[in-house]
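Here is my note on the model, point by point. Please read it with the structure open.

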Amino acid sequence: VANGASANVTVTLPAANISAGRVVVIKNLSATYTVVSASSNVQPRTSSTAGTAILAASAGAWAILVCNGTNWVVMAGN
């Protein structure tokens with residue numbers, strides 16, 4: 001659960017090369033700040049290009065990420 005009270009929240013996901021098949025669920029409680037990855041290893045639902053964005057600044061937004069051994073892929077969310 002990410003609660004950016006005064007800044008964007010940066011999360012460090014487990015290393016992808018040893019996390020294939022692992023699932024992570026993230027929820028943003030902030031309507032003001034985003035949630036991003038510390039590394040450019042997140043693939044959004046609509047693209048195969050990895051970046052850092054995980055969740056927009058929207059209270060209650062959530063995402064399910066699954067590791068494919070190279071990147072963390074956003075499988076579902078709002």
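1. Start with the open sheet. Three strands form it, in the order β1-β3-β5, with mixed pairing. Strands here are DSSP runs of E, at least two residues long, and helices would be runs of H or I of at least four; both are numbered from the N terminus. Two strands pair if DSSP finds at least two bridges between them. The edges are β1 (9-11) and β5 (53-55), each of which pairs on one side only. Neighbouring strands of this sheet are turned by 35 degrees against each other on average, direction ignored. Axes for this are lines fitted to C-alpha atoms, and angles between N-to-C directions run from 0 to 180 degrees.

2. A word on the source. This is a predicted model: local features need pLDDT of at least 70, side-chain atom pairs count only at pLDDT 80 or more, and totals for chains, interfaces and linings use all residues. Residues are numbered from 1 along each chain as its sequence is written, and side-chain values use heavy atoms, with hydrogens and water left out.

3. Look at β1 next to β3 (residues 35-37). The two pair in the parallel sense over three bridges. V9 stands opposite V35 in β3.

4. Now β7 (residues 72-77). Strand β4 (residues 42-43) runs parallel to β7 and is joined to it by two bridges. Q43 faces V73 of β7 as its opposite residue. Strand β6 (residues 62-67) pairs with β7 in the antiparallel sense, over five bridges. Here L65 stands opposite V74. The β6-β7 hairpin has four residues between its strands, and G69 takes a positive phi near 95 degrees.

5. Which residues lie nearest the centre of the largest pocket? They are R45, I54, L55, V74 and N78, from a lining of 16 residues. A pocket is an open set of points on a 1 Å grid over the protein atoms alone, where a 1.4 Å probe fits, with protein on both sides within 12 Å along at least five of seven lines; lining residues have an atom within 4 Å of a point. The volume is about 230 Å³, taken as the space filled by probe spheres set on the points. β5, β6 and β7 each supply at least two lining residues.

6. Check N28, in the loop between β2 (23-27) and β3. N28 counts as buried because its relative accessibility is 0%, the cut-off being under 20% with a 1.4 Å probe and protein chains only. A polar atom of the N28 side chain lies 2.9 Å from the backbone oxygen of Y33.

Methods: Buried < 20%, exposed > 50% of the residue type's maximum accessible area, 1.4 Å probe, protein only. Polar contact = N/O pair within 3.5 Å; in protein donor to acceptor, adjacent residues only side chain to side chain.
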